[in-house]
Amino acid sequence: MKMKTAILIGASVFMAVACLISCSEGKTEETVIDFKIEGMTCNHCVENVTKALQTVEGVDTAVVYFETDSAVVHYKDKKPSEEALIKAVEKAGYGAEIVSELTPRDK
Ligand SMILES: [Cu+2]
């Protein structure tokens, strides 16, 4: 009897988690902006640029790649201003240039 209850609880928890994952997946219609970053010389720079991009209003996540001198900014509802993104990077002491903008529909 106890075993059966445990299985039932386990199953419902599993279902709830599965729903949560699939539901949030449906909402993540993300848009991505690709950047070329200038002036990065080490991983500390990567951190600086990442932080700078993440402080801009509307940015969901920012990922900076040292190897390719590039950065990718993800946003969802509100599009961050391109000018604000570039200015934030410049304020941190680096250069930024937009390479491309992709929405999931473009792919
Ligand atoms: Cu550095």
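The chain holds three helices and four strands, where helices (H or I, at least four residues) and strands (E, at least two) are DSSP runs, numbered from the N terminus. Along the sequence these elements follow the pattern α-β-α-β-β-α-β. This is a predicted model, in which local features need pLDDT of at least 70 and side-chain atom pairs count only at pLDDT 80 or more, while totals for chains, interfaces and linings use all residues. Residues are numbered from 1 along each chain as its sequence is written.

The pLDDT, which is the predictor's confidence in each residue, from 0 to 100, averages 83 over the chain, and 72% of the residues score at least 70. Among the elements of the chain, the lowest mean pLDDT, 60, belongs to helix 1 (residues 2–27), and the highest, 98, to helix 2 (residues 43–54).

Helix 2 is also one partner in a helix pair, for its axis and that of helix 3 (residues 82–91) come within 8 Å and cross at roughly 145°; axes here are lines fitted to C-alpha atoms, for helices over the stretch in contact, and angles run from 0 to 180 degrees between N-to-C directions. In this contact, Val49, Ala52 and Leu53 of helix 2 meet Leu85, Ala88, Val89 and Lys91 of helix 3, two residues being in contact if their C-beta atoms, placed from the backbone, lie within 7 Å. The residues of this contact comprise six nonpolar, no polar and one charged, with Ala, Val, Leu, Ile, Met, Phe, Trp, Tyr, Cys and Pro counted as nonpolar, Asp, Glu, Lys and Arg as charged, and the others, Gly among them, as polar.

Turning to the strands, strand 2 (residues 59–65) and strand 3 (residues 70–75) pair in the antiparallel sense over six bridges, pairing being assigned if DSSP finds at least two bridges between two strands. Within this pair, Val64 stands opposite Ala71 of strand 3. The two strands form a hairpin with four residues between them, and Asp69, in the loop between strand 2 and strand 3, has a positive phi of about 50° although it is not a glycine. Most residues other than glycine have a negative phi. Asp69 is partly exposed, because 17 other C-beta atoms lie within 10 Å, whereas a residue is buried if 20 or more other C-beta atoms lie within 10 Å of its own and exposed if 12 or fewer, C-beta atoms being placed from the backbone.

Over the whole chain, buried residues make up 18% of the 107 residues.
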